Amino acid sequence: MISQKALDKNMIIINPGKVLDNNNAHEMADTISTAQAEGYKHIILDMRELEFLSSAGVGSILSAVDVSRKKGGDIILCNASKKILHILEVLDLRDYLTIKPNEEAAKEFCITKD
Amino acid sequence: MIVIKQKPTILFPAELTVGFLSDFYSQLDNLLQDSPGEIELDCSALDRVTSIHVSTLWQVHIMCQQASIPLRLSSVKYGLERVLRVLDLYHLLVDEGKGEVEIDGTETKYAASLQLRFKVTVEDINRALDKFRDFLMRLNLGEICAFDLETVFYEVATNIRLHGGLNKDDSVLFTASLANDRISLLFVDPGILFDPTRKASTCDQQQRNYRNLSRGLGLRMIKRMMDDISYERVNNRLNVLTLEKKFI
């Protein structure tokens, strides 16, 4: 189940839950775009629970990255497991996406970027 | 637990504790002193194989060898066979005139397979994926290798569901089979013609416009996670997709 928590007026953290696949990729995309529309520049995706990521799930994240970056912010992935990082590597996205080891590093990145 | 029959058979247990092993070796030693014609080690309880199982098996082999008594393995499941082959122990424990290995009845020699038929609904695909995961777990594959395979299953099955134009009553036949060092996945579906091997990859390492990367991600994952992909349209009616992956 997708959950979210605002950290401050610029930063929000979203937890996609255990699975991000075709069944909830649309919900994820909507959650991110709603956060962007509400003015959150930095969207941290906490992947700590995520065990399965399908191509649709990746797409739901990718489609929002440009939007955040054009507003001077970013979408930052953190706490991704070895399996999830492997998916991103297979798709050549490790360098494109902003990936941090944990929530603290993700927050620090956002603050530094501001 | 040792069951002594006319032809001594030892049941190799799934759970091995320090206390058990001490008694086990002691009883095996006593058995070997009776100079039986051969010792049979029944491996039917071994579903998941750990390093303790392998080292115990090796110790039994050494003890039998030192006593000049052949050791014969029976009911070897594919997981154990595969581990022994990866460790280069299979030929030492099985070959060299020590007798044949009986492979568990549901699997054929050097091969194991799973066959499923599922409808293209989210629920059925998830159920089939769970069964495939269970099958992969029994094979003792590497974590990432198994993860690639279940991901590919999901991507192919979902692709068929979303784009195959199948009816509710149509079903997909899926087979996973192993031989030697590779696993083959076969999907047969009665959907509209779709040859994924002809779809050009949208990935261009030089390309910096990552917006385009959102398209065709599923196909890209499938192609990169598997070593070989082949497609055939049969009787102008069936899509037959075969994917192969070498064990890592």
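Author: In strand 9 of chain B, Asp189(B) has Asn239(B) as its bridge partner. Strands here are DSSP runs of E with at least two residues, and helices are DSSP runs of H or I with at least four residues, both numbered from the N terminus. This is a predicted model, in which local features need pLDDT of at least 70 and side-chain atom pairs count only at pLDDT 80 or more, while totals for chains, interfaces and linings use all residues. Residues are numbered from 1 along each chain as its sequence is written, chains are lettered from A and ligands numbered from 1 in the order in which they are written, and side-chain values use heavy atoms, with hydrogens and water left out.

Reader: Which strand holds Asp189(B)?

Author: Asp189(B) lies in strand 7 of chain B, residues 182-189. That strand pairs with strand 9 (residues 238-246) of chain B in the antiparallel sense over eight bridges; two strands count as paired if DSSP finds at least two bridges between them.

Reader: Is Asp189(B) buried or exposed?

Author: Asp189(B) is buried, yet has no salt bridge. Buried means under 20% relative accessible area, with exposed over 50% and partly exposed in between, using a 1.4 Å probe and protein chains only. A salt bridge requires a side-chain nitrogen of Lys or Arg within 4 Å of a carboxyl oxygen of Asp or Glu.

Reader: Where is the nearest opposite charge?

Author: The nearest side chain of opposite charge is that of Arg233(B), 5.8 Å away. Lys and Arg count as positive, Asp and Glu as negative, and His and the chain ends are not counted.

Reader: What lies around the Asp189(B) side chain, then?

Author: A polar atom of the Asp189(B) side chain lies 2.8 Å from the backbone nitrogen of Gly191(B). Leaving aside residues up to four places away in sequence, Asp189(B) touches Ile160(B), Leu166(B), Val172(B), Arg237(B), Leu238(B) and Asn239(B), where contact means heavy atoms within 4.5 Å.

Reader: And how many residues of strand 7 of chain B are buried?

Author: Six of the eight residues of strand 7 of chain B are buried.

Reader: What joins strand 7 of chain B to strand 6?

Author: Seven bridges join strand 7 to strand 6 (residues 171-179) of chain B, and the two run antiparallel. Val188(B) in strand 7 stands opposite Leu173(B). Their hairpin has two residues between the strands, and Asn180(B) takes a positive phi near 50 degrees there.

Reader: Changing topic: what is the strand order in chain A?

Author: Chain A has an open sheet of five strands in the order 1-2-4-6-7, with mixed pairing. Strand 2 (residues 11-15) and strand 4 (residues 42-46) of chain A run parallel and are joined by four bridges.

Definitions and conventions
Polar contact = N/O pair within 3.5 Å; in protein donor to acceptor, adjacent residues only side chain to side chain.
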